[in-house]
Amino acid sequence: MSHPHPELGPPPKLPKGGLRVIPLGGLGEIGRNMTVFEYGGRLLIVDCGVLFPEEEQPGIDLILPDFTCIRDRLDDIDGIVLTHGHEDHIGGVPFLLREKPDIPLIGSKLTLALIEAKLQEHRIRPYTLEVEEGRRERIGPFDCEFVAVNHSIPDALAVAIRTPAGMAVHTGDFKMDQLPLDGRLTDLPAFAKLGEEGIDLLLSDSTNAEVPGFVPPERDISGVLRQVFADAQKRIIVASFASHVHRIQQILDAAHEYGRRVAFVGRSMVRNMGIARDLGYLRVPAGLVVDVRALDDLPDDEIVLVCTGSQGEPMAALSRMANRDHQIRIVQGDTVILASSLIPGNENAVYRVINGLSRWGANVVHKGNAKVHVSGHASAGELLYFYNICKPRNLMPVHGEWRHLRANAELGALTGVPKNRCVIAEDGVVVDLVDGVARIVGKVQAGYVYVDGLSVGDVTETSLKDRRILGEEGIISVFVVVDSTTGKIVGGPHIQARGSGIEDSAFAAVIPKIEESLAKSASDGVAEPHQLQQLVRRSVGKWVSDSYRRRPMILPVVVEV
């Protein structure tokens, strides 16, 4: 199996008649999915999603793909194909369209409705092309055929991209639920036809490649949910992704059966479920869904709240409820259902929320103690079955962490894909399909781009390191006034600390060390403020480290008079 190397340099010019694939997100991580295809000087993008921040990225709202390698080629982009409407596949679109608003968006009815609603908030009116399974569209030099796949959101599509260099198939996210709630199966006959025609490069979902067997049907959850509803004595609060229409449908069905009313909580949940209902993807009995304000007039045993926050996101409704920072107050006897899986990396945040809810007396039902979630991604058994149908000549695992990508490549090899044609890449690694063989040829910039409030890309890794230090170790500021000619101290040092755990009175011990250091530098003729600041920083830093084994941020200010 081929794999990237740290010494990879910029890719060479794409050979004439070759197809280039550049993943800008989604490889080595769960989220931020974005893949660029290039043929004949034109570009086609599949998905443009976001990654949600983890604990070590304080203050960050979203993480975007890095558009650097395509920023000066925006006019070469013929379209953005969106496989489905989850945030990790469409959340980055507004930020790319800010740079060029007229790039066409291609997707299914529900996917386009969800992204159009999101773009309204950014005051962008996109050019869209609605497609459905079985349809073929010419998008620049790319002949695209769309194939139905089953996932945890309706209307998901895979895309087969035909070019003179060969056919690439991108599965998007998929599984092979044989009893889907909406009756829409992954179209295996269509994939078999593509396989017979010849799939030169298959980019396949890797999320569950380590999980043996087959994913249970979504409808298996119904019985468990009904039992939870039957046992609940007070309010039921359900946390789910704001786009998981199938899961919400089962919640609505259970609520209707047990005589409860449902209120959606959170802007994205209200917006997305409204869209799904209006387009007919969500069946809502009359009078079942009410405004959250109407719940004040209902007894607790007739209430169901559906909100976001199943991944422990700090600003989501459920996390705020757990922290007593929400208008909805958790009380003894409430039942909380976390109707989702744990995205890798979110475990600590989710368990923190579960503990917070339990503290206030809630009965928390989650995947660890009840079958309230099934995955939206194909497991190993399904992937083996899929590869035997598709018969790809080259396989490129996508959408997963390193362990998932490697496990997926192993599955491909088991089904007969030559090991040297199972291409394990990572974000930014460039893969060329030339003469029917996929090879890694170079690497482009594909780092994290952080969204912090209204700023996009202004926060760097250095900034985050500073934030982590501030959050974990605190800050010590030192103010000194020196003579501009001699460099001698004429005022201070004055020291203040915040969050360092060190009493202000303790700094009396370090002031002589600062004075001694500055006096020595003055005798050596050093009077430049920046150099003096570094001396102060070193003096204080060494003292704090020796005395307290801590490394707070030290902010020296030297003023000349």
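Entry 1, basis. I worked on a predicted model, where local features need pLDDT of at least 70, side-chain atom pairs count only at pLDDT 80 or more, and totals for chains, interfaces and linings use all residues. Residues are numbered from 1 along each chain as its sequence is written, and side-chain values use heavy atoms, with hydrogens and water left out.

I counted 6 aromatic pairs, taking rings of Phe, Tyr and Trp (its six-membered ring) with centres within 6.5 Å; planes under 30 degrees apart are stacked, over 60 edge-to-face, the rest tilted. Phe191 and Phe386 have ring centres 4.8 Å apart and planes at 80°, so I logged the pair as edge-to-face. Phe191 is in helix H5 (residues 188-197) and Phe386 in helix H11 (residues 380-390), so this pair ties together parts 195 residues apart in sequence; helices here are DSSP runs (H or I, at least four residues), numbered from the N terminus. Phe191 is buried at 0% relative accessibility, and Phe386 is buried with a relative accessible area of 0% (buried is under 20%, exposed over 50%, partly exposed in between, 1.4 Å probe, protein chains only). I also found Phe174, Phe191, Phe386 and Tyr387 linked into a cluster by ring pairs.

For Phe229 and Tyr258 I got centres 6.4 Å apart and planes at 40°, so the pair is tilted. Phe229 is buried at 2%, whereas Tyr258 is partly exposed at 32%.

By class, the lining of the second largest pocket has 5 nonpolar, 2 polar and 5 charged residues (nonpolar: Ala, Val, Leu, Ile, Met, Phe, Trp, Tyr, Cys and Pro; charged: Asp, Glu, Lys and Arg; polar: the others, Gly among them).

How values were computed: Helices (H or I, at least four residues) and strands (E, at least two) are DSSP runs, numbered from the N terminus.
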